[in-house]
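This briefing covers charged contacts and surface patches. The structure comes before the details.

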Amino acid sequence: FGVLSTLLSGGASIVIGHFIGNDSSEKELKRAVDTAFWMNLIQGIFLFVLMIVAGRYLLIAWGMGENTESYKIGVRYIDVLAPLFIASAIIGYFIQTTAVFGVPKISMFVGVVSTIVDAGLSAIFVYCTDMGVDAVIFGTLIARMIALAIALIGYHINVQKIWKIRGFDKSFAKKIARISLPIAGEKINYNASRFVQGIIIGNIAASIGLVIAGHNVMLQERAIFTSVQSIVLIGGVAISIALEPIVSRALGKKMYDEAK
């Protein structure tokens with residue numbers, strides 16, 4: 001679901017970087033920046049609604065019986081954390097736009113702080129209270145709110161005052177969407193295949209008795225592997241993200257050799 005957050009606005013930073021490199025007027029640049037905000041917000045609301053509507057059916061599709069502990073925990077996660085898709089969409093907009101305006105360290109700061117807070121609070125809640133799964137959920141909830149605050153402050157200082165986000169321009173929205181859709185399509189293809197793999201693995205595990213104490217053991221092992229794999233891949237992802245504003249600015253200045 002998180003991959004769908006690039007569906008409309010994944011190319012926003014490229015368009016904004018192009019305008020900066022092209023020395024566009026301040027008014028034109030602001031319209032592009034503001035339009036990107038509303039597109040991210042729309043995406044976040046769409047994902048929130050989609051998750052609430054489809055989430056329970058997808059848990060069952062992954063081989064979780066309706067009366068199992070895994071299913072109950074999954075539903076709890078969805079009900080409490082699905083609204084965070086809206087916060088995540090806005091955080092993504094703030095840190096991407098701030099990075100294009102020449103301050104990429106905000107993204108790193110947001111990531112490091114939110115990870116430490118999430119892991120730290122979750123551990124404290126788990127070991128010091130009887131909250132059960134809510135301990136991890138509320139650790140994530142608090143960490144995401146702190147991340148939103150840091151990203152907002154970074155944007156407010158380096159891009160524009162938060163209350164100045166107003167306009168929406170259809171022509172800029174079309175430009176952003178035209179670039180975003182191919183980017184999102186590639187990511188969705190990859191993640192859709194992994195999602196289908198999860199359905200197959202979860203159902204095979206359930207059919208051969210690998211559901212122990214209400215938990216699908218094979219899905220848990222796969223989740224651990226996926227987390228480790230994400231850490232391994234993060235270097236390549238960071239390089240590609242860093243490249244986008246550099247190339248888009250160079251193209252905006254018509255410095256094609258430098259862009260290559």
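R178 is exposed, with a relative accessible area of 58% (exposed means over 50%, buried under 20%, partly exposed in between; 1.4 Å probe, protein chains only). This is a predicted model: local features need pLDDT of at least 70, side-chain atom pairs count only at pLDDT 80 or more, and totals for chains, interfaces and linings use all residues. Residues are numbered from 1 along each chain as its sequence is written, and side-chain values use heavy atoms, with hydrogens and water left out.

**Surface patches**

- R178 belongs to helix α7 (residues 170-207); helices are DSSP runs of H or I with at least four residues, numbered from the N terminus.
- Together with K170, K174 and K175, R178 makes up a patch of positive charge on the surface.
- Patch residues have over 30% relative accessible area and no salt bridge, with like charges joined within 9 Å and nonpolar side chains within 5 Å.
- I45, V49, I52 and V53 make a nonpolar surface patch of about 310 Å².
- V49 sits in helix α2 (residues 26-61) and is partly exposed at 43%.

**Salt bridges**

- The count is 4 salt bridges, each a side-chain nitrogen of Lys or Arg within 4 Å of a carboxyl oxygen of Asp or Glu.
- D34 pairs with K30 at 2.8 Å; the two are 4 residues apart in helix α2, about one helical turn.
- D34 is buried at 2%, whereas K30 is partly exposed at 31%.
- R76 pairs with D134 at 2.7 Å.
- R76 lies in helix α3 and D134 in helix α6 (residues 133-158), so this pair ties together parts 58 residues apart in sequence.

Definitions and conventions:
Areas by Shrake-Rupley, 256 points an atom, 1.4 Å probe, with all protein chains shown as cover. Lys, Arg positive; Asp, Glu negative; His and termini not counted. Charge placed at Lys NZ, Arg CZ, Asp CG, Glu CD.
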